[in-house]
Every structure is written in structure tokens, then in C-alpha cells.
Amino acid sequence: MSSSTSLVNRIAHKLCAGFSRLVLTHAMTKLILLEEDLSSNAHAPQVDTVGCFETSYEVPGRHEELSFDDGNIAVMCGHKYFLVHRSVLFRHSVVLEEMAEAAVAEGLIQVLEGCPILVLPNTPDEMYVLLKYLYGLSDHSELDDFRVLSILLKLSTAYGIQTLRLKALKQLSLSWPMTLTQWEAREKLVTNDGGIYAPRTGLPHPAVIITLARDIDAPQLLPSAFYDLSRYLPSQLTTDHIDPDTGRTYSLSNTELFRVYRGKEQAARYFSTFIVKELESRTPSQFCHNRDESLPARKRRCQIAFEAITYALIRDVNGLVLNRNSDPLFAIADSLLMQTKEDAPGTENKAATRACEACRMEFSAAIENVRNEFWSKLPEWFELDVPNWG
């Protein structure tokens with residue numbers, strides 16, 4: 001019995017010793033791996049214990065153009081900080097003031113050049129644009145630059161700077177308006193002397209505007225952007241747009257793509273109805289200058305003129321020539337221009353394919369009503385909720 005017990009004890013002792021060596025070996029292996037891991041990450045950025053901002057071995061630099069020696073707050077954006085004045089910053093933005101107060105209350109404040117630091121998630125370039133405006137150092141012409149305008153809109157929305165937001169929105173609305181009159185002015189600016197439409201070099205892509213409008217909660221920009229987008233070819237609609245300035249890729253979601261196609265279809269139907277109601281079945285005015293003509297060809301001159309317009313619209317001749325295909329709003333207006341182009345002021349039209357003055361005036365009134373109604377329906381066609389549209 002004792003020999004059996006002794007044998008068992010010796011076996012147990014060996015097992016324990018072996019297990020101890022195994023544990024020790026495993027621990028040594030983990031220690032070696034840990035040391036190798038630490039050495040391989042020796043130059044990784046370190047996060048400060050306070051947690052206000054991530055630091056690296058790159059020392060934050062003072063922004064050379066927009067920092068003041070008597071500034072009393074350091075606005076930190078990335079690797080740059082702006083030494084500015086609390087009074088200027090907080091007078092424009094209650095949101096920034098509350099952010100600074102919250103940092104103090106939570107004990108998260110740090111000091112740089114003797115001033116408390118306010119850490120913001122924007123890039124130095126973005127903050128530079130905003131601070132220039134807050135200090136009155138911006139030139140009004142800078143608002144013509146869409147990059148500057150979009151930065152001001154994003155930051156003024158984020159930090160509750162209402163005066164700046166309204167001013168920037170007003171500027172952007174010149175190109176993406178709520179009224180038909182402003183739209184016509186916009187279209188004229190991007191049409192050359194030969195009547196060729198070329199907006200792509202002077203205006204941002206409508207997909208960029210749609211994204212911006214969503215980001216800053218500005219639905220009033222959407223109908224004109226969606227209508228502009230609906231004039232693109234289907235192959236263009238399904239292709240991502242890459243911003244040449246920022247390199248950012250913009251693509252339409254399935255929901256937005258559906259909105260574009262639905263609006264495009266509704267606009268095409270409206271245009272077809274316009275042709276049927278206002279052109280194909282159009283009768284001469286009761287004051288038609290040709291109604292008393294004895295020759296049938298002369299008596300039907302105005303009807304022939306409107307039939308010619310119908311034929312031209314169906315073929316979309318001007319749309320193809322002037323780079324305005326798939327643009328029913330333009331086509332409706334162009335149906336009137338076909339009757340007035342090259343007219344000499346104060347003289348009567350003598351062309352066989354043009355209606356008389358009385359018939360043209362009645363047609364002009366009808367065109368105005370049709371185009372106003374067309375414009376008013378854009379939010380409905382593209383399924384957008386926009387109060388006070390048009």
C-alpha cells in the first residue's frame with residue numbers, strides 16, 4: 001500500500017513539475033510576443049489620458065494667417081490651431097460656446113499658449129474659411145466659389161450660425177432656385193451666344209447639390225437639382241460622379257435614382273399632354289389676321305405654323321442642336337421662340353410658317369401658364385416635401 005502511494009506521489013510530482021514548466025514556457029512566449037508587438041508599434045500615435053484629442057509626435061502648429069497674439073482660445077483642427085477671441089467666436093455661435101463650457105465642466109480642458117483648447121472635427125482649411133467670415137475678412141466674391149460656399153453652409157449649419165447660413169443659402173439658390181424666374185436667369189447664364197447650353201463647367205454636378213442639401217437640411221435646393229439630373233442620359237445617371245476638386249465620389253442611392261426616373265417620366269407625360277392640348281388641337285384666335293383670307297392656304301396659315309411647331313418638337317431638333325435634349329421645360333418655351341426668332345421690332349411677321357400676332361399672343365399666354373404649372377409640380381413628380389415651392 002505504501003509503495004503504491006509512493007509511486008502515485010512520484011508520478012504526481014513529475015506531472016506538476018511538467019505542468020509548471022509548460023505554464024512558464026507559455027508565459028515566456030507571451031512576454032516575447034508582447035515585447036515584439038510593442039517594439040513594432042514604437043512610433044504609433046499615442047492618445048493622451050485626458051482624451052480631448054489624439055496627439056502624435058507631430059507638434060501642433062499655429063495657423064500663420066489667422067491667429068492673434070491677444071487671442072484667448074485655441075481652436076484645434078487636426079494638426080493646426082487658431083489662436084482667436086472667445087468674444088468673436090461665441091457672439092456668432094452659441095453651439096461653440098456650449099461646447100467650450102461643456103469641456104470645462106467635464107474637466108476635459110487643455111491649455112496651449114496659455115489659452116484653453118477647443119477641439120473641433122473640421123480640417124484646418126475648413127476652419128480657416130469659417131473664421132475668415134466671422135472676422136469679416138472674406139471678400140463677397142469668394143461666395144461665387146462653390147467649394148467655399150459649401151464649407152460655409154456645412155459649418156454654419158453644424159454650429160448654428162444662422163446669419164451666415166441664410167446668406168450662403170441665398171447665394172446657392174441663384175443656381176438652384178425655387179422660382180421659375182430665377183431658373184430662367186440661371187439657364188441664360190450658362191448658355192453661350194450661339195444658344196448652346198453648357199452648364200457643366202460653371203455649375204457643380206446636381207448629385208453634389210443633392211448630397212449637400214441632405215447634409216445641411218435644405219430641401220428647397222432639391223427640386224431644381226433633381227430636374228437638372230433628370231435631363232441626363234440614363235447611362236450618365238447610373239455612373240458615379242467624381243468631384244475633380246476633392247476627389248470624392250458621388251453616387252445616387254436606389255431611392256434617389258427611382259425619384260429621378262419617376263420625375264423624368266412625369267415630366268415627359270406632361271410635355272406630351274401639352275403638345276396634344278396646346279398645339280395639335282389649337283384653333284386660330286378669334287382675332288386671327290388670316291381668318292378673312294379667301295385662299296384656303298392663307299386662311300390656314302396659323303394652323304400650319306402650329307403644326308410645324310408640333311413636328312419640330314416631336315423630332316426634338318432644337319434640343320439636339322442646342323444640347324438640351326430631354327428638357328421639356330425648355331422645349332415648351334422654345335415652341336414660342338420658334339414663332340418670334342429673328343423678328344424685327346414693330347413689324348409684322350411675313351414668314352409662312354409663323355402665326356399672326358394675335359395667335360402668337362394667345363399662344364404666349366398659354367405657354368406662360370403651362371410652364372408655371374410645370375415648375376410647380378416638380379416636388380410632386382420627384383416625391384419631395386418642399387414647403388412654399390415656386
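Arginine 186 has a relative accessibility of 2% and therefore counts as buried, a class defined by a relative accessible area under 20%, with exposed meaning over 50% and partly exposed the range in between (1.4 Å probe, protein chains only). The model is predicted: local features need pLDDT of at least 70 and side-chain atom pairs count only at pLDDT 80 or more, whereas totals for chains, interfaces and linings use all residues. Residues are numbered from 1 along each chain as its sequence is written, and side-chain values use heavy atoms, with hydrogens and water left out.

Arginine 186 belongs to helix α7 (residues 180-189); helices (H or I, at least four residues) and strands (E, at least two) are DSSP runs, numbered from the N terminus. Apart from neighbours within four places in sequence, arginine 186 is in contact with Leu174, Ser175, Trp176, Tyr197, Leu203, Asp228 and Arg231, where contact means heavy atoms within 4.5 Å. Two of the residues in that list, Asp228 and Arg231, also belong to a network of salt bridges that links Arg186, Glu187, Asp228, Arg231 and Asp327. A salt bridge is a side-chain nitrogen of Lys or Arg within 4 Å of a carboxyl oxygen of Asp or Glu.

The structure holds 15 salt bridges. One of them joins the side chains of arginine 360 and glutamate 357, at 2.6 Å from N to O. Both residues lie in helix α16 (residues 357-376), three residues apart, or about one turn of the helix. Arginine 360 is buried, with a relative accessible area of 7%, while glutamate 357 is partly exposed at 29%. In another salt bridge, the side chains of arginine 62 and aspartate 69 meet at 2.8 Å, N to O. Here arginine 62 is partly exposed, with a relative accessible area of 27%, and aspartate 69 is exposed, at 73%. Glutamate 307 and arginine 300 also form a salt bridge, with their closest N and O atoms 3.1 Å apart. Glutamate 307 is partly exposed at 44%, as is arginine 300 at 35%.

Helix α4 (residues 124-134) has eight buried residues out of 11, so this helix is largely enclosed by the rest of the structure. The buried residues are Pro124, Met127, Val129, Leu130, Leu131, Lys132, Tyr133 and Leu134. They pack against β4 (73-77), β5 (80-84), α2 (86-92), α5 (146-158) and α6 (162-172). Just after α4, glycine 136 takes a positive phi of about 70°.

Helices α5 and α6 pack at an angle of about 145°, and their axes are 9 Å apart. Axes are lines fitted to C-alpha atoms, for helices over the stretch in contact, and angles run from 0 to 180 degrees between N-to-C directions. On the α5 side, the contact is made by Phe146, Leu149, Leu152, Leu153, Ser156 and Thr157, and on the α6 side by Leu164, Arg165, Ala168, Leu169, Gln171 and Leu172.

Most residues other than glycine have a negative phi. Glutamate 113, although not a glycine, has a positive phi of about 55°. Glutamate 113 lies in the loop between β6 (111-112) and β7 (115-119) and is partly exposed, with a relative accessible area of 43%. Glutamate 383 likewise has a positive phi of about 55° without being a glycine. Glutamate 383 is found in the segment after α17 (378-381), and its relative accessibility of 37% makes it partly exposed.
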